[in-house]
Structures are given as C-alpha cells and as structure tokens.
Amino acid sequence: MATPIGNLGDFSPRAAQALAEADLVLCEDTRTTARLLSENSIFARTEALHEHNERQRVPALIERLQNGTRIALVSDAGMPLLSDPGYRLVRAAIEADIPLTVIPGPNAALTALVLSGLPPHPFMFVGFPPPRSAARKEAFAKLHAAERAGLAATLIWHEAPHRLAETLADMAEIFGPTRPCAVARELTKRFEEVRRAPVADLAAFYAETPPRGEITVLLGPAEAEETSADDLDTTLRSLLETHSVKDAAALAATAAGLPRRTVYARALELAAERKAQNQP
C-alpha cells in the first residue's frame with residue numbers, strides 16, 4: 001500500500017484500516033513506519049523487508065501467507081516496488097496463487113509529472129540512474145537510441161541530491177542541452193519546489209546551488225529528427241573530450257542508433273584531427 005511521500009495528511013483512511021487489521025506489516029525501515037503508525041494510533045507488528053533481505057525472507061513469508069497470516073507491505077514513502085522493495089514477494093505470491101490487492105495513494109513520480117508542465121502521456125518511469133557517470137551516460141545513450149527508433153515520452157527518474165548536478169550535466173551531453181526538463185524537490189512538504197528549464201540550465205543552476213531533500217527529475221520527449229553527420233560529429237567531439245575513442249564511439253553509436261564500426265571509424269578520424277590541432 002502507498003504511504004505519504006511527505007505530508008502525513010495524504011495517508012488514506014483505507015490504508016490506515018488495512019494496517020490496523022494486518023497481523024504483520026513489512027516495511028523498509030521499522031523506525032520510519034513506526035512514526036506513521038503512531039501518528040494514526042495503529043499498534044501493529046512490524047518487520048523489515050528491504051533490498052538486502054527480501055530474497056532470503058520470501059519463502060517463509062509465502063508460507064505464512066498460505067497459513068492465513070494477513071500481511072501488509074509498505075515502503076518508507078510512496079508505492080512499494082517502484083524503486084523500492086517488494087517485487088520478489090509479489091511475484092512469489094502470484095505464483096503461489098495467493099490473493100493480492102493494492103491500496104493506492106501518493107506517488108512521487110506521478111505527482112512530479114503533473115506539476116512539471118511536460119507532456120503527461122506517454123511517460124516512462126526509469127527509477128534511479130546509475131550512480132557512476134560512465135554507466136549513467138551509457139544508460140542515457142540507450143534511451144536516446146530508443147528515441148531515435150521512435151520512443152516519444154516524458155522520462156522520469158529519482159535522484160540523490162548530491163548527484164543531481166552531475167546527472168543533469170550527463171543528460172545535457174547525451175540528450176542535448178536544450179531538452180525541456182523539470183526538477184521536483186520535496187514534493188508535498190513545506191519547501192516543495194519545481195524548477196522548469198532546459199536541462200543544461202538546470203545542470204548549471206544545481207552545480208552552483210546544491211539541492212537538498214527528495215528529488216524527481218523529468219525530461220521532456222525529444223522532437224522528431226534524423227541524425228545527420230553534423231549531429232554525430234558534435235556528439236563525438238563532446239565525448240572525445242572525456243572518453244577514449246572506443247568508449248566515445250560506443251556511446252555515440254548507441255545514442256544515434258548507428259553501427260558501432262561506422263561510428264568508431266569516424267571517431268578515429270575526429271580524434272586524429274583533434275590531435276593534429278593540439279600539436280605545436
């Protein structure tokens with residue numbers, strides 16, 4: 001079931017009743033859930049279910065469900081499974097033919113989407129980007145390649161505040177600096193904020209103004225266009241400033257949806273030109 005992403009007033013009466021009637025409440029952090037239960041005068045038994053123990057705990061939990069135990073699953077905030085634990089347990093319950101239901105409620109990705117001013121549908125929730133820049137750029141390049149193949153959707157990620165500026169800079173490099181973007185911070189809380197601007201402008205802003213709190217990043221859909229030789233050269237020149245020829249070619253080929261051998265050959269030419277220009 002969904003739990004508040006900030007404002008405790010968003011907790012539904014149906015969710016409160018379900019927790020009160022549960023024999024066991026599974027949660028990411030029992031201390032976080034304890035505050036929610038106390039606020040609603042609910043006295044329920046809690047146990048931790050998180051990314052580090054979910055796989056090991058699932059068989060015993062399924063056995064308890066089969067024996068009639070009423071189990072509620074919550075995450076620290078928002079909907080379980082969406083960048084939070086619970087998927088393995090839900091899959092196991094379905095395979096065991098155990099009845100399930102969902103009690104809907106607050107969700108940061110959808111709340112941010114409505115506030116962003118970007119096209120609301122279709123949208124694609126991607127979760128958290130990889131924490132390291134190289135892996136992050138590769139993930140972005142794959143999405144950009146999908147856009148070249150026809151994907152046209154608002155893309156949504158969650159991100160940690162200390163990585164936000166670098167992530168936005170990587171987005172600007174792979175998707176282009178002028179793509180419309182929005183950063184939603186501290187949704188439903190006292191200091192809720194949404195900034196809307198081209199992605200490169202937001203990268204520059206947050207590089208100078210480190211953010212705090214829970215963050216959702218949204219990138220508007222790409223405009224329909226064909227990859228030209230000039231586009232490819234611009235991408236390769238940018239990547240060659242910080243990557244090897246091989247890595248730059250791989251990223252550019254994925255982003256453009258072109259054969260790696262072709263892009264690698266062009267990357268070699270541009271690298272040779274760059275080397276010649278830098279020689280005295």
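In the predicted model, P122 lies in the loop that connects α5 (108-116) to β4 (123-127). The peptide bond between H121 and P122 is cis, with omega at about -5°. Most peptide bonds, by contrast, are trans.

P122 is also among the residues in contact with A153, once neighbours of A153 within four places in sequence are set aside. A153 itself is located in the loop between α6 (133-148) and β5 (154-159). Its relative accessibility is 4%, and A153 is therefore classed as buried, the cut-off for this class being under 20%.

Most residues other than glycine have a negative phi. D97, however, has a positive phi, near 60°, and E186 likewise has a positive phi, near 55°. D97 is placed in the loop between α4 (87-95) and α5, whereas E186 belongs to the loop between β6 (180-185) and β7 (193-198). With a relative accessibility of 69%, D97 counts as exposed, because the exposed class begins over 50%. E186, at 15% relative accessibility, counts as buried, because this value falls under 20%.

Terms used:
Residues are numbered from 1 along each chain as its sequence is written. This is a predicted model: local features need pLDDT of at least 70, side-chain atom pairs count only at pLDDT 80 or more; totals for chains, interfaces and linings use all residues. Side-chain values use heavy atoms; hydrogens and water are left out. Helices (H or I, at least four residues) and strands (E, at least two) are DSSP runs, numbered from the N terminus. Buried means under 20% relative accessible area, exposed over 50%, partly exposed in between (1.4 Å probe, protein chains only). Contact means heavy atoms within 4.5 Å.
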